[in-house]
Amino acid sequence: MTSIDLSRRGLLRLSGLALAAGIAGCTTTPRMAGTPSDGEDETASVLPLVNQLRAKHGLPALAVDPAASTAALFQAKRMASAGKMAHLMGMTDSFGARVKASGVRLPAAENIAAGQQSVDAVVTAWINSPHHLENMLGRYGGLGVAVAHNTSSRNLPYWAMVLSS
């Protein structure tokens, strides 16, 4: 028969282990049971809408940026996979490192959304959000937009837009 050390030192050790386990749990994002779709590049559909907006504000048009499209697709798919709309997934996530890994030139910005059923609806949502609108009117030259779905979350669409230099 073994005895449990309930001394102050033993309780501190148990507390430390519980804290470490809790922190470790925060660094991972649980995956939903369903697998998200492969995702779709929606840059060609969104680009004219964003460029119309920029023209109304006297700004130059954006161009398709394949690296930004890759980064947007990656972000949309990981949000759909997690069933969570978030720029950062876990304590060690970094927007800059993530987009640089896709070859996006910095500075860059990202708009995300979930639930909008069409390109028009998501662009309208971003226009109606001051921070997202600011990103779309920013000093960027490239654009990539993607959407992905997760069958476990009522096939909810998760959208990501990456604006690049």
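## Close-up views of a predicted model

**Figure 1. The whole chain, element by element.** Going along the sequence, the elements come in the order α-β-α-β-α-α-β-α-α-β-β. The protein has 165 residues, and 41% of them are buried. Take the contacts in the protein with a separation of 6 or more: residues 24 or more positions apart account for 71% of these.

Figure 2. The average pLDDT for the protein is 81, and 75% of the residues score at least 70. Residues 1-6 have a pLDDT below 50, and this stretch has two contacts in the model beyond near neighbours in sequence. Residues 14-35 are another stretch to watch: pLDDT stays under 50 there, and the model has 24 contacts for them beyond four places in sequence.

**Figure 3. Inside the largest nonpolar core.** This core holds 20 residues, and the ones touching the most other members are M79, V99, V104, A160 and V162. Two or more residues each come from α3 (66-82), β3 (108-114), β4 (142-150) and β5 (156-164). Helix α3 gives the largest share, eight residues. Zooming in on A160, and skipping its neighbours within four places in sequence, the contacts are A72, Q75, A76, M79, N111, I112, W126, G144, V145 and A146. Another core lies apart from this one; it has 19 residues, including L47, L62, V122 and Y140.

**Figure 4. Helix α2 crossing helix α5.** The axes of α2 (residues 43-56) and α5 (residues 119-127) come within 10 Å and cross at roughly 35°. The crossing is right-handed. On the α2 side you'll find S45, V46, L49 and L53, which meet V119, D120, V123 and I127 in α5. By type, the residues of this contact split into six nonpolar, one polar and one charged.

**Figure 5. L53, a closer look.** L53 sits in helix α2. The cut-off for buried is under 20% relative accessible area, so L53, at 10% relative accessibility, counts as buried. Not counting residues up to four places away in sequence, L53 touches I127, L133, M136 and L137. L53 and L137 are 84 residues apart in sequence, yet their C-alpha atoms are 8.0 Å apart in space.

**Figure 6. R78 on helix α3.** R78 is found in helix α3. Is this arginine buried or exposed? R78 is buried, because its relative accessible area is 18% and the cut-off is under 20%. Leaving out neighbours within four places in sequence, the contacts of R78 are H87, L88, M89, D93 and R98. The C-alpha atoms of R78 and M89 are separated by 8.7 Å, with the two residues eleven apart along the chain.

**Figure 7. A63 in strand β2.** A63 has its place in strand β2 (residues 63-64). At 40% relative accessibility, A63 counts as partly exposed, because that class lies between the 20% limit for buried and the 50% limit for exposed. Setting aside neighbours within four places in sequence, A63 is in contact with L47, G141, G142 and L143. A63 and S164 are 101 residues apart in sequence and 9.7 Å apart in space, C-alpha to C-alpha.

**Figure 8. V147 in strand β4.** V147 lies in strand β4. Its relative accessibility is 4%, so V147 counts as buried. Beyond neighbours within four places in sequence, V147 is in contact with G39, E40, E42, A76, P157, Y158 and W159. From V147 to M161 the C-alpha distance is 9.0 Å, and the two residues are 14 apart in sequence.

Figure 9. The peptide bond from L106 to P107 is cis, and omega is near 5°. As background for this view, most peptide bonds are trans. P107 is in the loop between α4 (95-101) and β3.

Conventions: Residues are numbered from 1 along each chain as its sequence is written. This is a predicted model: local features need pLDDT of at least 70, side-chain atom pairs count only at pLDDT 80 or more; totals for chains, interfaces and linings use all residues. Side-chain values use heavy atoms; hydrogens and water are left out. A nonpolar core is a set of buried Ala, Val, Leu, Ile, Met, Phe, Trp, Tyr and Cys residues joined through side-chain atoms within 4.5 Å. Buried means under 20% relative accessible area, exposed over 50%, partly exposed in between (1.4 Å probe, protein chains only). Helices (H or I, at least four residues) and strands (E, at least two) are DSSP runs, numbered from the N terminus. Contact means heavy atoms within 4.5 Å. Axes are lines fitted to C-alpha atoms, for helices over the stretch in contact, and angles run from 0 to 180 degrees between N-to-C directions. A crossing is left-handed if the near helix is turned anticlockwise from the far one by less than a right angle, and right-handed if clockwise. Ala, Val, Leu, Ile, Met, Phe, Trp, Tyr, Cys and Pro count as nonpolar, Asp, Glu, Lys and Arg as charged, and the others, Gly among them, as polar. pLDDT is the predictor's confidence in each residue, from 0 to 100.
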